[in-house]
Amino acid sequence: MAENISTAGNYPPFAGSSSGVAGQTHPPGVPWYIWAGVLAITSSSIGGAWDVSWHRTIGRDTFWTPAHMAIYACGVLAGIICSWLIVKTTFLHDPELRAASVNVFGLRAPLGVFLAGWGGVAMLTSAPFDNWWHNAYGLDVKIVSPPHALLILGLRGISTGVMFLILAAMNRAAQSDTGLFRRLQLLFLYVGGLAIMGQMFFLQEYTWDVMLHQASAYIAMGIGLPFFFAAFSQASRARWAATSTAAVYTVFIMCEILILPLFPAQPKLGPVFNPVTLMIPAKFPVLIVVPALALDLLWHRVKNWKAWQIALVSGIVFIAVLTIVEWPFVNFLMSKASENRFFGTMYFGYNSRPDGYERLRRFYFPEHGAVLSLGLLRAAVYATISSWLGLLFGRWMRGVQR
């Protein structure tokens, strides 16, 4: 690819101040529907973390748990927002929304509305499907069961839709309103951080602490993370976009470790291999914030390189830094020294067997030598491809106006 890719920190100059048009007393703020969309995604993120803890602590007792309600509130809220915006743009002919809208099957609204609306429908469809699945087949063996896959796709649709709504408003404000651009940029990075958290949730069967001495964990993260870091960096124009989004994931999980065990709970399903008396939090976050920081530093230096050159170096740097920091750190997490309220490695679910790898603090078939080296090389190749696609998609996102 001949053209160059401009990365984080290289955004267009602003034509005006935060007050926007000269003489305007009240500068335009962040639209209400963007705030509502961010609230919906936050609700689903909290509900998802709470639901995993509920399953590890109490088990699946009923569909109508508070955690499930927090998750599906996201779909309901997204449906209400999108329906209203479509009606207002298509039938009430709102001039401001119409100017920033697209036409889909005769209906008009901003592009993000249609993406989020599809996600809301998918989410609400997954609810009765998931309830039937549990009644028919019992407890989930895997996270990615068919109804959960539909639910996750729906959540991704809503998250992507809200990001596009923020992005379109941000791109329109880039040349005229510095203050509004900065506020929207922060919201974009926050929602991007929640997307990173969702991606790590999707990968957790590969990134559980006992799995982190296998190349498969790094292959999974090499495929799943650089695309998002590169896309968010390009789209947001932020100097520390990858670091910021990784930090949102890290802080969220650490808050979960510190807060959830404060609440008492006990299992309602059996067999109980590990009696628990409090809500079980997530595992300590993988240190993806360090390779994210390395990528931000790299992208600032090579912003005038060609896309394939940036991607090639990015893939190698991401896997190398991630392996260097996480490999020894997980040794610490598997030791008794990490058994405290901050790292939370003394919390195990009720179905955690006393002779299991987790309770014995043993790695699951750790890899060494040539097998590990070849696996990490594959991870770097996948991370390179993921970075390249993210750079291209993020550059395209910078032109979204509707």
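**Exercise 1. Determine which ring face Arg359 lies over, and which face Arg156 lies over.**

Solution. Arg359 lies over the face of Phe348, at 5.7 Å from the ring centre. The criterion for a charge over a ring is that NZ of Lys or CZ of Arg is within 6 Å of the ring centre and within 35 degrees of the ring normal. Arg156 is placed over the face of Phe202, at 5.8 Å from the ring centre.

The model is predicted: local features need pLDDT of at least 70, side-chain atom pairs count only at pLDDT 80 or more, and totals for chains, interfaces and linings use all residues. Residues are numbered from 1 along each chain as its sequence is written, and side-chain values use heavy atoms, with hydrogens and water left out.

**Exercise 2. Classify the ring pair of Phe188 and Phe232, and state whether each residue is buried or exposed.**

Solution. Step 1: rings of Phe, Tyr and Trp (its six-membered ring) pair if their centres lie within 6.5 Å; planes under 30 degrees apart count as stacked, over 60 as edge-to-face and the rest as tilted. A search of the whole structure finds 20 aromatic pairs.

Step 2: the ring centres of Phe188 and Phe232 are 5.9 Å apart and their planes stand at 90°, so this pair is edge-to-face.

Step 3: Phe188 is in helix H6 (residues 178–202) and Phe232 in helix H9 (residues 226–236), so the pair links distant parts of the chain, 44 residues apart. Helices here are DSSP runs (H or I, at least four residues), numbered from the N terminus.

Step 4: buried means under 20% relative accessible area, exposed over 50%, and partly exposed in between (1.4 Å probe, protein chains only). Phe188, at 0% relative accessibility, counts as buried, and Phe232, at 4%, also counts as buried.

**Exercise 3. Classify the ring pair of Phe329 and Phe343.**

Solution. The centres are 6.3 Å apart and the planes at 55°, so the pair is tilted. Phe329 belongs to helix H12 (residues 307–333), whereas Phe343 is in the loop between H12 and helix H13 (357–360). Both Phe329 and Phe343 are buried.

**Exercise 4. Describe the largest nonpolar core and the contacts of Ile166.**

Solution. Step 1: a nonpolar core is a set of buried Ala, Val, Leu, Ile, Met, Phe, Trp, Tyr and Cys residues joined through side-chain atoms within 4.5 Å. The largest one has 100 residues, and Ile166 is one of those with the most contacts inside it. Helix H5 (residues 146–173) supplies the largest share, 12 residues.

Step 2: with contact meaning heavy atoms within 4.5 Å, Ile166 touches Ile34, Val38, Leu184, Leu187, Phe188 and Val191, not counting residues up to four places away in sequence.

How values were computed. Helix = DSSP H or I, 4+ residues; strand = E, 2+ residues; numbered from the N terminus.
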